[in-house]
Amino acid sequence: MGAASSSQPVSPRASLRDRLPDFPWDRLEPYKATAAAHADGIVDLSVGTPVDPVPALVRQALTDAADSPGYPTVWGTAALRDALTGWAADRLGARGLEHTNVLPVVGSKELVAWLPTQLGLGAGDKVAYPRLAYPTYEVGARLAGAEPVVYDEPWELDPSGLKLLWLNSPSNPTGRVLGADELRRAVAWAREHDVLVVSDECYLELGWEADPVSVLHPDVCGGSHEGLVAVHSLSKRSNLAGYRSAFLVGDAAVLGDLLQIRKHGGMMIAAPVQAATVAALGDTAHVAEQRERYARRRAALRGAFEAAGFRIEHSEASLYLWATRDEPCWDTVGELAERGILVAPGDFYGAAGERFVRIAFTATDERVAAAVRRLAE
Ligand SMILES: Cc1ncc(COP(=O)(O)O)c(C=O)c1O
């Protein structure tokens, strides 16, 4: 927790900063230094950050829109909204989408962190997310002053005070995919209890042994978007983490309110990035090409870690292998760091991950080959 230094006046109420946990990645820094000291350099498989080029057609669209002196709008250009509704219809199978059913956001992390606040949640409200999860769901609840609650199965939650239910399929960190049956059950339960479902689907295009389904697919939502919002991001699909482009699709009433709030807050995507997003969503060739790269790296790392005594659980989709050697995660992190390989400790994602590590396959072919060699030594 961020303690006030003794030279500063103590605030009568906890500051926003004090509501938040320590930034988890700071705890990995000493291990990063160890791994970086390896004679052949670090193989960083910790953060799932893209390393391959931004597709040429996306860079071209960004450059072509470089002369953008005026303010962009929060809702985005009509061309962007067309691209978002078109992509969601084609790729998610969502039906009946209008511009009112989409909203661009400045990368999905800011949305996850600030959504409970922008929904007006606060003391007495609960925000629920999976027991093993991307840490920003908890951060978002805490920033709003709401109560974070974890679940194993959403329909086992106590609905009293619950205002927001996060789903995340495919999951970070486990790579687990929720089937249409499970999604349907979660949606039915949430609708029965009047709880908003926000489904973080940013790895939807990265299924390996499963074909992820959106919460907006008619088989899940019954053809109505009521009470449902899906979160999508260009970061992983199109190597655009550096551009900050993501978007929401779903319930027009919820998105309409968010649009107004975000207009007051000035939360708009840069105009050249809007143009780049249109180009990226209009192309599937680069997505297929990137998937092939990841499939290759995933197979190489999976084989090497298994041969080195690891057991991989779930991991049927996303950019991660969820792996264990049945020992405390920081022991695994430390031992791999000695070999120059950096992975993320499972407890970053909840106490239930304390005997797992998360291995990202977002490293170059050359670095993946280096990890495979080292694991065989
Ligand atoms: C589950 C999940 N949601 C959201 C994000 C944020 O992605 P971005 O802000 O790049 O859209 C990530 C990033 O790793 C993630 O794993």
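P173 is situated in the loop between β5 and α6, where helices (H or I, at least four residues) and strands (E, at least two) are DSSP runs numbered from the N terminus. The model is a predicted one, in which local features need pLDDT of at least 70, side-chain atom pairs count only at pLDDT 80 or more, and totals for chains, interfaces and linings use all residues. Residue numbers start from 1 along each chain as its sequence is written.

The peptide bond that joins N172 and P173 is cis, with omega about 20°. A cis peptide bond also leads from S169 to P170, with omega near -5°. P170 is placed in the loop between β5 (162–168) and α6 (180–192). A further backbone feature concerns D194, which has a positive phi of about 60° although this residue is not a glycine. D194 belongs to the loop between α6 and β6 (196–200).

The protein is divided into domain 1, made up of 17–53 + 286–376, and domain 2, covering 67–281; these bounds come from an automatic or database domain assignment. Taken over C-alpha atoms, the centres of domain 1 and domain 2 are separated by 26 Å. Contact between the domains involves 30 residues of domain 1 and 30 residues of domain 2, two residues being in contact if their C-beta atoms, placed from the backbone, lie within 7 Å. On the side of domain 1 that touches domain 2, the elements that give two or more residues are α11 (285–307) and β10 (320–324). The greatest contribution to this side comes from α11, with seven residues. By class, the side of domain 1 that touches domain 2 has 14 nonpolar, nine polar and seven charged residues; Ala, Val, Leu, Ile, Met, Phe, Trp, Tyr, Cys and Pro count as nonpolar, Asp, Glu, Lys and Arg as charged, and the others, Gly among them, as polar.

In the UniProt record, an unreviewed entry, residues 42–375 are listed for "domain: Aminotransferase class I/classII large". UniProt positions are given in the numbering used here, feature names are shortened, and annotations may be inferred rather than shown by experiment. The span 42–375 is 40% helix and 16% strand, and its end C-alpha atoms lie 13 Å apart.

Helix packing was examined for several pairs. The axes of helix α2 (residues 56–64) and helix α10 (residues 271–281) come within 8 Å and cross at roughly 150°; axes are lines fitted to C-alpha atoms, for helices over the stretch in contact, and angles run from 0 to 180 degrees between N-to-C directions. α2 and α10 are therefore roughly antiparallel to each other, given that angles under 35 degrees count as roughly parallel, over 145 as roughly antiparallel, 65 to 115 as roughly perpendicular and the rest as oblique. The crossing of α2 past α10 is right-handed; a crossing is left-handed if the near helix is turned anticlockwise from the far one by less than a right angle, and right-handed if clockwise. L57, V58, A61, L62 and D64 of α2 make this contact with P272, V273, A275, A276, V278, A279 and A280 of α10. The residues of the α2 contact with α10 comprise 11 nonpolar, no polar and one charged.

Helix α3 (residues 78–92) also packs with α10, their axes coming within 9 Å and crossing at roughly 30°. α3 and α10 are therefore roughly parallel to each other, and α3 passes α10 in a left-handed crossing. In this contact, A79, L80, A83 and W87 of α3 meet Q274, T277, V278 and L281 of α10.

Helix α4 (residues 108–118) packs with helix α5 (residues 136–144) at an angle of about 35°, the axes being 7 Å apart. The crossing of α4 past α5 is right-handed. From α4, K109, V112, A113, W114, L115, P116 and T117 meet T136, Y137, V139, G140, A141, L143 and A144 in α5. The contact of α4 with α5 has 10 nonpolar, three polar and one charged residues.
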